[in-house]
Amino acid sequence: SSSFFFVSLAFGSFSLSPRFSSNPKMPHVLILGATGTLGSAICAHLLNAGHTVFGLARSSSKASDLLQSEIIPVFGSVESPQGITDTLHDHPEISVVVDAAAVYGESATILDIIKAAGEERLKRFAAASLPNDIVPKLGYVYVSGMWVHGSDKTKYVSDANPLTGDTDGKTNKPVGIAGWRPQIERLRISL
């Protein structure tokens, strides 16, 4: 028997395919940046692996695109995070948030939202006297970019390379548009 979600959106109602049915063995994932280049590829991979995927959409047209790709849209943005907060509160089955959003000044805000949602979730389940081993924790994956390692095409770099270019002034500095990222990435790694 098929299981269906029914989603009512500002621009209409949709009956979603059985692919949206909950698979209790697979993590449910919220993708921030789901309509972007990296986010959409991550969504496609997760869907093909059997995950239920929620995706952040800033507009009705982007939400429609997500629905067509069998991704459950979440209305909002990093600048207006109430949709993210509400979704994480209303869907404790979401166990991972993937941050693939190409935001610049708001990157630390995303981390604060996720941390607050995880703490709220733990408090809510503790108040219900559930054992800690069954409380759904909230994981977080941050998707960076290679630009943080600069643009020197003669050197091989990976996520194992330290982010030093912005502090020592001697090594390959991050590309200008990504110059803020090493500081945020160090913060995230330190948590």
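What covers the buried residues of H1? I opened the predicted model with that in mind.

**Helix H1.** I started with the helix itself.

Next I looked up burial. Gly39, Cys43, Leu46 and Leu47 are the ones I noted as buried in H1. Looking down the axis of H1, I see its buried residues fall within an arc of 100°, so they line one face of the helix. Thr37, His45 and Asn48 are exposed and sit on the face of H1 turned away from its buried side.

Back to my opening question: the cover over the buried residues of H1 includes strand S3 (28-32) and strand S4 (52-57). I then checked how the helix is placed. H1 lies across S3, S4 and S6, and runs at about 170° to S3.

I traced the strand order as S5-S4-S3-S6-S7, an open sheet of five strands with parallel pairing. Strand S5 (72-75) and strand S7 (139-142) stand at the edges with a single partner strand each, so one side of each is left without a neighbour in the sheet. The twist averages 25° from one strand to the next.

Last, I looked at the pairing of S3 with S6. S3 and strand S6 (residues 94-99) run parallel and are joined by five bridges. For leucine 30, I found valine 97 as the bridge partner in S6.

Note on methods. Residues are numbered from 1 along each chain as its sequence is written. This is a predicted model: local features need pLDDT of at least 70, side-chain atom pairs count only at pLDDT 80 or more; totals for chains, interfaces and linings use all residues. Side-chain values use heavy atoms; hydrogens and water are left out. Buried means under 20% relative accessible area, exposed over 50%, partly exposed in between (1.4 Å probe, protein chains only). Helices (H or I, at least four residues) and strands (E, at least two) are DSSP runs, numbered from the N terminus. The arc is that of the directions from the helix axis to the C-beta atoms. Contact means heavy atoms within 4.5 Å. Two strands pair if DSSP finds at least two bridges between them. Axes are lines fitted to C-alpha atoms, for helices over the stretch in contact, and angles run from 0 to 180 degrees between N-to-C directions.
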